[in-house]
Structures are given as C-alpha cells and as structure tokens.
Amino acid sequence: SAMVQQATADRTFLMQLADKIGRAFVWGVLGLAVCTCVVWWVLQGLSVSIERTVSLLTIACPCALALAAPLVITVAIGRAAKEKIWIRDGNTLERLSKPGMVCLDKTGTLTFGDLRVIDWDGPSEILPAIAAIEAESQHPIAKALIDFCQTQSDEQGYRSHGPCDHAEDVRMEIGRGISGRIHGREFFIGRDDTQLQPTLEFDDGDGSRKVVVKVDGKLQGTFKLGDVLRPGLVESLAALQERGWKLVILSGDDHPAVFQIVRWLESEGIKIEDFKGGLSPEQKKDHLLGLRDAGFTTVMIGDGINDAVALASADVGIAVRGPSEIALKNAPIYIGENHLESIPRLFDASKNAVKAIYRCFAASLLYNCITIGLAVTGYIHPLIAAVFMPISGITVLLMAWTARTFPPRKQPLP
C-alpha cells in the first residue's frame, strides 16, 4: 500500500548503517579479490588464480545486509496493520526501541473524551421525568443524563414513544442546575445546595462529578458523571513503566481535573513523573522540546486532531483519537482501538524489530565471512559458489518473515 511504501522509503538509522557496512563490504571484497588473484597467480598459476577469484566474487553477497532493515520494517508494519496500528514512518520503530518519556494527553487519550453517567443511585421511575426536564437544556451534562435515561427507561416508556412527561416552568440556574414541574411535582437537577463551590465538585478522587435530583425539596437520587477511562488503562501504563518508560500527563483540562486523575492513577500504583494542566498546544510543544533538549526520547500520545502540534513536536507521535487519515497527517502512528493495550505491544514490537535487524546483520556477516574464507582457500568451486550465493538473501528473508515482532495477544482482536 501507499502507506507501507512511504514508511519504508525513509532511510532509518539502521538502513543507513547497513548502507555504510555494504559500501565498506564491497570495497573490502574487491580489494580481497585483487589480493587473491595476485597471491594465487604467484603460487599456483593463472588458472587457479582466476578460479578462486571468481569463486570469491560470486559467493560474496552484500545484498542481505541491504535487505535486512527494510524487510524487517516492512513485515513489522504489515503485522501492525493487522493489530489496528497504522505506521506512516518506519523511523518510529527504531525510536521506540529505547525507553524515554511518554507524554499523555488526558481527554480522549486516558479517557474517551465524552461525559457519561457512571452510576445512578435512585428510583428508575423518575428517569423519564428527568429526561423531559433536561431536554430543555443544551448543557453537556444534560445530554449525558438524557442518553442515560433513554438507555435505562422501559421499552414501552421513554424509548418507544419519546418523553412520557411534559415539563412545565423549566428554569435554568447558571452554575447550579435546572428545575421544572411535572404533574405538579417540582424537580431540581444539579448541584447540591450543601456545596459551597459554584461548580460541580469532583467525587471519590477519580475525576467524577455528582448531580443530585430533588423532588419537592427532598433528595431522591444522585447521578455520578465522568469522562470514562479507557479499558485497560492501568494495565497499559503499568506495562510501559515495566519497560523503563517514564510517564508525564500534559493536558489542556483544568489543573484540578488533571490532579484528580493523577491521584487516582497513583492510588493504582502508577507513578506519574510530572503533570501539567491548562496547557495550550504551543505550551505542550514547548514542554516536549524541553524534554528532548534534556536528552529524553519523547513520545506524545494524544488526540490526532487537537494535539497535532504536540504530536509533530515529539520524537514519536501516537494518535489514539480522530479520523485515521487526518490523524496520520499529524502523527506517524495511529492506534485504531478504543483501548490502550496496543501501545505497550507496539513498544515491544519496535524493540523486537530492531533485534531482528541486528540478527539479520549478524547472519549475513557470518555467512560472508565463512564462505569468503572457503572461496579464497579453494574449498568452493565457482559453480558451487553460484549455488550458495542466494542462500544469504533467502536466509535473511526467512529470518525477517519469521521474526516475532508482536508478542501473542492474551485475547484475539474482535
């Protein structure tokens, strides 16, 4: 595909290293061929000299060195696509092989980026009335409550026929909530009057928020709302830490919201080296550049659209949200799954790919050292050399194809 062609067209460090070794190898073989020709001409005549020089030039194979890196990277990119990971730049596989600093956005990365009802503690009979009142509001909290009520209401009630109650005298109180009357009963949905702050407070240290429901002045239930964490978040971050990566959160959300999720993560055993809230895209970029100047390999994981500047400023940008085509314009890697399990697997794959490239280098050099030595000393006839010549390239091809870049999944992809 065009993406694979673009990813492998860039000359990575290992590809450049292979080119340098290949050039040195070619000149070394040519020099050795001249020496072989001269020495055997003097010792045993022209016929033996030509035979052993031809054997040397035939069996020497620098092709495997040049094939190793692009073959392994191409195979790794293809397997990544099967894992719903799209890689635009092959250089990223090398950069991810050494631990550094992983910088994470909060909304849309650690969470889904959508306010949802996490829990409802109250009678289900009043949910249609709550939905009818909230239908008069355009607030994000109102949308979350309506969605929840639609899901929870009976099939013959709200979902089939729309709101079964008509709200009257609906009033919105900025910073407090919304109230209205249904069948003569006064409903209030919003902040508890006992809270002193003018906004909804966080609850339980996990970044969730509470919305109370009162009917005729009496508390009837409590909604717990939050930006739902992505599945496998703690396990994925723990896996990154086990691999030697340090974690930083850079978010545009308010500092208290970031602090709450940091506190919750640390209660789960995840160490956050640093966190910043209220950052603009330019401030995220400056922070990443500062980490790069300090010598860290920087990986930014964020929204493929809103974090475009930060993703482009990091050594490796990984987008986990937004349309894939747009995200890949801003980041060299796009994760197409709703959970983060793929990220530590991607880091493992990059490390395994680099190891596979070095193994291919070693196999190619070992082959050439042994066969060139046998050719120079007369143990390999030119016809036999012609048969053995492609073995090096075939060996590297098989090693690249069979390299286990991605470790086996605990559970298959859906």
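Leaving aside its neighbours within four places in sequence, with which residues is G278 in contact? In the predicted model, G278 is in contact with S251, G252, D253 and Q283 once those neighbours are set aside. The residue is found in the loop that runs between β11 (274-276) and α12 (281-293). One of its contacts, D253, is 25 residues away from G278 in sequence, yet the two C-alpha atoms are 5.1 Å apart in space.

The protein chain has 17 helices and 14 strands. Of its 414 residues, 46% are buried. When contacts between residues at least 6 apart in sequence are considered, 68% of them join residues at least 24 apart. The structure holds 0 disulfides. Two cysteines of the chain, C103 and C149, were examined for accessibility. C103 has a relative accessibility of 0% and so counts as buried; C149, with a relative accessible area of 0%, is likewise buried.

Two packed helices are described by the angle between their axes and the distance between the axes. For helix α2 (residues 13-44) and helix α3 (residues 46-59), the axes come within 7 Å and cross at roughly 160°. The two helices α2 and α3 are therefore roughly antiparallel to each other, because an angle over 145 degrees falls in that class. Their crossing is right-handed. On the α2 side, the contact is made by V29, L32, A33, T36, C37, V38, W40, W41 and Q44, and on the α3 side by L46, V48, S49, R52, T53, L56 and L57. Sorted by class, this contact of α2 with α3 has 11 nonpolar, 4 polar and 1 charged residues.

The second pair consists of helix α4 (residues 63-82) and helix α17 (residues 391-402), whose axes come within 9 Å and cross at roughly 25°. This angle makes α4 roughly parallel to α17, because the class takes in angles under 35 degrees. The crossing in which α4 passes α17 is right-handed. Residues A64, A68, L71, V72, V75 and R79 of α4 meet S392, G393, V396, L397, A400, W401 and T402 of α17. By class, 9 nonpolar, 3 polar and 1 charged residues form the contact of α4 with α17.

Helix α10 (residues 233-242) was considered for its burial. Within α10, the residues L233, V234, S236, L237, A239 and L240 are buried. The elements that cover these buried residues of α10 include the strands β2 (101-104), β9 (218-229) and β10 (246-250), together with the helices α6 (106-110), α11 (255-267) and α15 (342-376). Just after α10, G244 takes a positive phi of about 95°.

Backbone geometry was also examined at residues other than glycine. Most residues other than glycine have a negative phi, and most peptide bonds are trans. D169, although not a glycine, has a positive phi of about 50°. This residue is placed in strand β4 (residues 168-173). The relative accessible area of D169 is 40%, which means that D169 is partly exposed. H183 provides a further case, with a positive phi near 55° in a residue other than glycine. H183 is found in the loop between β5 (177-182) and β6 (185-190). At 66% relative accessibility, H183 counts as exposed, because the exposed class begins over 50%.

Not counting residues up to four places away in sequence, S313 touches K285, L288, L289 and R292.

Definitions and conventions
Residues numbered from 1 in each chain as written. Predicted model: local features only at pLDDT ≥ 70, side-chain atom pairs only at ≥ 80, totals over all residues. Heavy atoms only, no water. Disulfide = S-S within 2.5 Å. Buried < 20%, exposed > 50% of the residue type's maximum accessible area, 1.4 Å probe, protein only. Helix = DSSP H or I, 4+ residues; strand = E, 2+ residues; numbered from the N terminus. Contact = heavy atoms within 4.5 Å. Axes fitted to C-alpha atoms, helices over the stretch in contact; angles between N-to-C directions. Parallel < 35°, antiparallel > 145°, perpendicular 65-115°, else oblique. Left-handed = near helix turned anticlockwise from the far one by under 90°. Nonpolar A, V, L, I, M, F, W, Y, C, P; charged D, E, K, R; others polar.
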